[in-house]
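Subject: Structure handover

Hello,

Please find the structure below. My notes on it come after.

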Amino acid sequence: AEAKKHLDDSIFITLTNTDGELTTDDVRQLFSPFGEIKGVRQWAKKDQKIVQFYDSRDCDNALEKMEGYSFKGGVLELKYALAHRANNDDKSQRGGPGPDRRRDRDRDRDRDRDR
């Protein structure tokens, strides 16, 4: 079985525990302080978006700082987005939530500290 590849520059965002809508403008406002945003895409539901950064380090920083952030009476849940699979038309496999990368981020942070 082929492992799903995550995108280092994209975050899958879900606004949970609220009836509020997560708009493209909300995402840009919340995440632009972390770096230049390449794009924001709607996902399957009104409370799901994918934000893509030009620089993967900005993406890492945003994911680390914004996970669990309270917004519109709900909570932001963040994961790295998964890469599109060219040979698979199943929408559930494209761009959705990726694996939890905390262990990898901790390793990267330790590597950065050693520089």
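The notes start with how the values were made, then go from the whole chain to single elements.

This is a predicted model, in which local features need pLDDT of at least 70 and side-chain atom pairs count only at pLDDT 80 or more, while totals for chains, interfaces and linings use all residues. Residues are numbered from 1 along each chain as its sequence is written, and side-chain values use heavy atoms, with hydrogens and water left out.

The protein has three helices and five strands, in the sequence order β-α-β-β-α-β-β-α. Helices (H or I, at least four residues) and strands (E, at least two) are DSSP runs, numbered from the N terminus. Of the 115 residues, 40% are buried, that is, under 20% relative accessible area with a 1.4 Å probe, protein chains only. The accessible surface (Shrake-Rupley, 1.4 Å probe) is about 7,300 Å², and 43% of this belongs to carbon and sulfur atoms.

Strand 2 (residues 37-42) pairs with strand 3 (residues 48-53) in the antiparallel sense over five bridges; pairing requires at least two DSSP bridges between the strands. A hairpin of five residues joins strand 2 to strand 3. Gln-42 has Lys-49 of strand 3 as its bridge partner.

In helix 2 (residues 56-66), the buried residues are Cys-59, Ala-62, Leu-63 and Met-66. They lie on the same side of helix 2 because they cover an arc of only 100° around the axis, taken from the directions from the helix axis to the C-beta atoms. Arg-57 and Lys-65, on the other side of helix 2, are exposed (over 50% relative accessible area). Gly-68 follows helix 2 and has a positive phi, near 85°.

Regards
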